Amino acid sequence: MAVDVTVRANNRVIDGLQKENEGDWEGGFCFIQAADTQYGMIDSYEDNGDGTRWEKERLLTREAIRGANRMIPKPKFFIVCGDLVDAMPGSPVKDEQIRNLKDDLRLLDNSIPLICVCGNHDVGNSPTQESVDRYRESFGDDFFSFWVGGVKFLVVNSQYYEDSSQVPTLKKDQDQWLDQQLESEDWKHLVVFQHIPWFLRTPDEDDEYFNINTDVRLPMLEKFHKAGVRKIFCGHYHRNAGGFYQDLELIVTSAVGCQMGDQKSGFRVVTVNEKDIQHQYYELDQIPVNIKLH
Ligand SMILES: [Fe+2]
């Protein structure tokens, strides 16, 4: 098998992106937040196919990678916030979609870490021990932390908040780990990545397919806010959206792949300054070369 292109978290950390080597602030930087490469969805959603073709997503993903490779300064990492491929666990085309996705992601400049987040299509709407194990074999841990230039980043598996009925122990593992991670540490910013957004526009909006139920949502937002989290980046919606819980901003980023709204395929460029974090979504043909670190 070819060398894995994705950076894999093991034991809840990414080798080389830990507090020991990335714990100090060394000036502003940028990174790329993408979502829903979701190989196969355009065929099934837009083209009335059976999800067995994904050439369109391959072209879009490669275009995104080329855009990232051209950027000055180089992004410190490129993160894909879930629904890496469309096929659900058990689908006969899932392995091939993952293989093709990795072949395309391999075009990323190898000095830019490529980090994956787990989405509902990656482990199923109601994950099982087996679907999570398969994900971990393919992409590494599904929840973990990493550090870049004094900023602490947390990746969570939002599926445990959506439906953990078949995996209560895994959910408990994540809950306990998260509580430890949120204890105060000497970070410049504390940022969260996940697939399903807590909300799309406002924290008190009604429950629906694209957000997380209010009874779980509100305590979690309060927990994150209290710990100092001020940015949460998500995908899942295939449109741009977002809003605020107090001064915690939740950002929903449209897809690299299939669109469900007015945007075109693209990704978000995030610039991190000592004082704050800014972000801008770019359609693939608008990706800038020179990134101003504000
Ligand atoms: Fe998706």
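Modeller: A polar contact here is a pair of N or O atoms within 3.5 Å; within protein, one must be able to donate a hydrogen and the other to accept it. Keep in mind that this is a predicted model.

Biologist: Fine. What does the side chain of serine 265 reach?

Modeller: The backbone oxygen of valine 256, at 2.7 Å.

Biologist: And where does serine 265 lie?

Modeller: In the loop that runs between E9 and strand E10, the latter spanning 266-272.

Biologist: Buried or exposed, that serine 265?

Modeller: Buried: the relative accessible area of serine 265 is 11%, and the cut-off for buried is under 20%.

Biologist: Which residues is serine 265 in contact with, leaving aside neighbours within four places in sequence?

Modeller: Leu60, Ala255, Val256, Gly257, Gln259, Tyr281, Tyr282, Glu283 and Leu284.

Biologist: On to the sheets. In what order do the five strands of the open sheet come?

Modeller: E3-E2-E1-E10-E11, with mixed pairing. Strand E3 (114-116) and strand E11 (277-283) are the edge strands, each pairing on one side only. On average, neighbouring strands in this sheet are turned by 25 degrees against each other, direction ignored.

Biologist: In what sense do E2 and E3 pair?

Modeller: Parallel, over three bridges, with strand E2 covering residues 78-80. Isoleucine 79 has isoleucine 115 in E3 as its bridge partner. Helix H3 (residues 55-70) packs on this sheet and touches E1, E2 and E10; the direction of H3 makes about 155 degrees with that of E2.

Biologist: And what is the order in the sheet of six strands?

Modeller: That open sheet runs E4-E5-E6-E7-E9-E8, and its pairing is mixed. Strand E4 (144-148) and strand E8 (241-245) are at the edges with a single partner strand each, so one side of each has no neighbour in the sheet.

Biologist: How many bridges between E8 and E9?

Modeller: Five, in the antiparallel sense; strand E9 is residues 248-252. Within E9, isoleucine 251 is the bridge partner of glycine 242. As for helices, H8 (residues 168-181) packs on the sheet, touching E4 and strand E5 (151-155), and the direction of H8 makes about 170 degrees with that of E5.

Biologist: Now the metal. Which protein donors does the iron ion have?

Modeller: Asp36 (OD), Gln38 (OE1), Asp83 (OD) and His238 (NE2), at 2.1 to 2.4 Å from the iron ion. Their spacing along the chain is D-x1-Q-x44-D-x154-H.

Biologist: Where do aspartate 36 and histidine 238 sit?

Modeller: In distant parts of the chain, 202 residues apart. Aspartate 36 is in the loop between strand E1 (29-34) and helix H2 (41-46), while histidine 238 is in the loop between strand E7 (231-234) and E8.

Biologist: Why does histidine 238 count as buried?

Modeller: Because its relative accessibility is 2%, and buried means under 20%. Aspartate 36 also counts as buried, at 0%.

Biologist: Why is the site of the iron ion irregular?

Modeller: The angles among its four donor atoms run from 84 to 173 degrees. Tetrahedral is ruled out because that would need all angles between 85 and 135 degrees.

Biologist: Last one, a change of topic. Where is aspartate 215?

Modeller: In helix H9, residues 214-227. Aspartate 215 counts as exposed, at 60% relative accessibility.

Methods: Residues are numbered from 1 along each chain as its sequence is written. This is a predicted model: local features need pLDDT of at least 70, side-chain atom pairs count only at pLDDT 80 or more; totals for chains, interfaces and linings use all residues. Side-chain values use heavy atoms; hydrogens and water are left out. Two strands pair if DSSP finds at least two bridges between them. Helices (H or I, at least four residues) and strands (E, at least two) are DSSP runs, numbered from the N terminus. Contact means heavy atoms within 4.5 Å. Axes are lines fitted to C-alpha atoms, for helices over the stretch in contact, and angles run from 0 to 180 degrees between N-to-C directions. Donors are N, O and S atoms within 2.8 Å of the metal (3.2 Å for Na, K and Ca); water is not among the atoms, so sites may look incomplete. Four donors count as tetrahedral if all angles lie between 85 and 135 degrees; four count as square planar and six as octahedral if opposite donors are over 155 degrees apart and all others between 65 and 115; anything else is irregular. Buried means under 20% relative accessible area, exposed over 50%, partly exposed in between (1.4 Å probe, protein chains only).
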